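Dear colleague,

I am passing on the structure below, and would be glad if you could read my notes alongside it.

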Amino acid sequence: MLNLVKKNRFNLCILGGFILLSLLIYSQTLDSFFLSDDFDRIYNIQDKGIFGVWTTAPEIFFRPIISVTLFIDYSLWKLNPLGYHLTNVIFHSICSFLVYIVTISLLERTWRYQKNIKLIAVIASCIFLVLHSHVEAVAWISARADLVFTGFCLAAFWVYLRYKRYSKLSDLIISYLLFLCGTFSKESALIFPGFIFAYELYDVFNSLNKQRSLFTFLKTVFLPIFYSTAWLIYFPLRYLGLGKFLGGYGGDVHLNYSWFAIFQGFYSSLRVIIPPLTFSTPLLWRILFILFLSSLIWFLHHTYKQGEATQETGKLTLFLLSCWGISILPFINIGVSTADTQSERFLYLSSAFFSILLTLFLEYILTKRQFVLILLVTCFSMLSINQIYLSSQTWRTASQISQQTITSIKPLKENQGMFVINLPDNYKGAYIFRNGFYQALLLFCPFVDLDWIIVSSFHTLLNPEDEVEVTGITSHEYRATMQNPDTYFVKIPELLEKNIENNGFEMTSLDYENYRSYTLKIIDTVRLHRIFYYTNQKLKRVLT
């Protein structure tokens with residue numbers, strides 16, 4: 001054991017350094033309060049135990065391993081958010097370390113990088129560690145699935161590379177099991193056989209043996225098919241748990257393969273390296289994506305034109321580019337917000353391959369200029385850490401809004417039920433009460449005995465002090481208006497299309513131009529004396 005530690009002393013120092021650096025970078029969010037889905041997940045763990053979430057109907061996702069991690073956190077920390085955030089940060093550190101060892105394993109088979117393998121691996125993993133597009137995945141407890149499944153996929157791929165090098169059957173079995181754990185962490189891991197197929201093709205074209213037969217190419221599909229057999233384990237278990245095969249956000253989203261949606265998914269994936277631009281337009285992001293593709297084409301052309309010495313770089317670049325493209329397929333129809341941090345967690349796995357790709361690009365351009373390379377990466381890291389600081393401030397403020405809103409309910413001592421006219425959906429993209437409000441009351445206001453709770457609308461916030469004005473029109477009708485002209489109600493048109501009279505209210509007179517106001521009519525008179533609205537970080541009773 002001692003010899004093993006000595007042998008891996010440098011790697012252990014790298015891992016320890018990543019943990020300390022991650023704790024430092026994300027220190028602002030370590031004690032942040034729970035947000036949105038967090039309340040629902042933790043309440044169900046408290047109520048149902050180790051597999052309380054993501055395992056049984058009516059859940060739409062199947063993620064039992066994430067349920068186990070939340071159960072461990074709850075057992076240790078109860079309702080203290082610090083422990084949950086520490087777990088997220090540690091998972092992020094482990095993923096960064098896995099990027100390091102995967103990079104080494106990829107470069108060991110290329111003679112061009114033998115002298116600089118560890119330097120390139122450290123740079124690639126450090127870029128991954130400090131990417132600003134990771135804030136949602138790390139700072140939001142409910143985004144843990146992206147951290148965990150990425151860790152399993154990177155670990156599975158690293159062990160697969162060991163199998164390719166040493167031909168040990170045990171490595172192949174371990175890799176397969178790690179991949180299976182990834183699928184039980186998040187369904188996006190199902191694309192893992194695509195990485196194996198891409199590497200098998202890369203291995204064929206990078207082989208010293210120029211004689212390539214039909215048998216050689218048939219071998220490239222054997223291992224991808226072997227890994228794909230994990231689907232035969234995953235989908236039956238998923239169906240037993242959830243009673244459905246697809247689930248997720250539904251067929252309208254996952255099966256919508258329009259060219260516009262696909263192109264939008266691709267260009268929004270540039271958020272992996274470009275920070276959110278609040279007032280940007282889709283045209284700007286399309287131009288940036290075209291420039292990105294043009295740079296890649298130039299780079300590949302240049303590496304192949306220079307001869308065999310640099311063609312290794314070109315082939316490895318094509319492999320990494322393929323993995324980057326494969327990793328964004330699960331959310332290609334959903335896309336990532338280009339104006340704020342919403343949905344950037346979907347980029348977490350793809351950013352691992354992107355970090356290695358970016359490092360190879362910089363190393364190629366700055367060959368024999370290692371000082372300039374390190375200086376450039378240092379400047380990039382400082383800028384990215386500054387963006388992490390700004391985004392983390394947003395998430396911290398959102399958590400304060402969440403906590404203060406719940407605190408404002410405690411003196412009310414309500415019973416039977418609450419009719420809430422409005423709640424904040426998000427603060428500059430950081431989710432607040434998009435989900436989980438009722439569970440938040442059950443967790444933190446147990447003395448509030450509620451048989452029912454209805455929320456009629458949600459809205460954005462740009463300042464913590466943003467106010468909403470609710471004025472009475474008649475004894476049954478109220479007008480809700482956002483006071484900040486840059487904020488608006490979300491999903492109101494969808495609500496108007498539904499038959500919501502069964503909930504005891506009607507929505508009319510929506511401001512379709514700015515979505516800043518609408519009229520609410522209470523039909524169920526039982527609820528007239530239990531009406532509340534959100535404004536300036538607290539819930540207030542509507543005086544009738």
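Serine 269 sits in the loop that joins α14 (259–268) to α15 (282–305), where helices (H or I, at least four residues) and strands (E, at least two) are DSSP runs numbered from the N terminus. This is a predicted model, in which local features need pLDDT of at least 70 and side-chain atom pairs count only at pLDDT 80 or more, while totals for chains, interfaces and linings use all residues. Residues are numbered from 1 along each chain as its sequence is written, and side-chain values use heavy atoms, with hydrogens and water left out.

Serine 269 counts as buried because its relative accessibility is 0% (buried means under 20% relative accessible area, exposed over 50%, partly exposed in between, with a 1.4 Å probe and protein chains only). Its side chain reaches the backbone oxygen of phenylalanine 266 at 2.4 Å, and, leaving aside residues up to four places away in sequence, serine 269 touches Trp324, Ile328 and Leu347 (contact means heavy atoms within 4.5 Å).

**Helix α3**

In α3 (residues 37–48), the buried residues include Asp37, Phe39, Arg41 and Ile45, and among the elements that cover the buried residues of α3 are α4 (64–77) and α18 (370–409). Just after α3, glycine 49 takes a positive phi of about 95°.

**The sheet**

An open sheet is formed by 4 strands in the order β6-β7-β10-β9, with antiparallel pairing (two strands pair if DSSP finds at least two bridges between them). At its edges are β6 (468–472) and β9 (505–508), each of which pairs on one side only. β9 pairs with β10 (residues 517–522) over 4 bridges, and methionine 507 stands opposite leucine 520 in β10.

Conventions:
The expected span of a helix is 1.5 Å times one less than its number of residues. A polar contact is a pair of N or O atoms within 3.5 Å; within protein, one must be able to donate a hydrogen and the other to accept it, and residues adjacent in sequence count only if both atoms are side-chain atoms.
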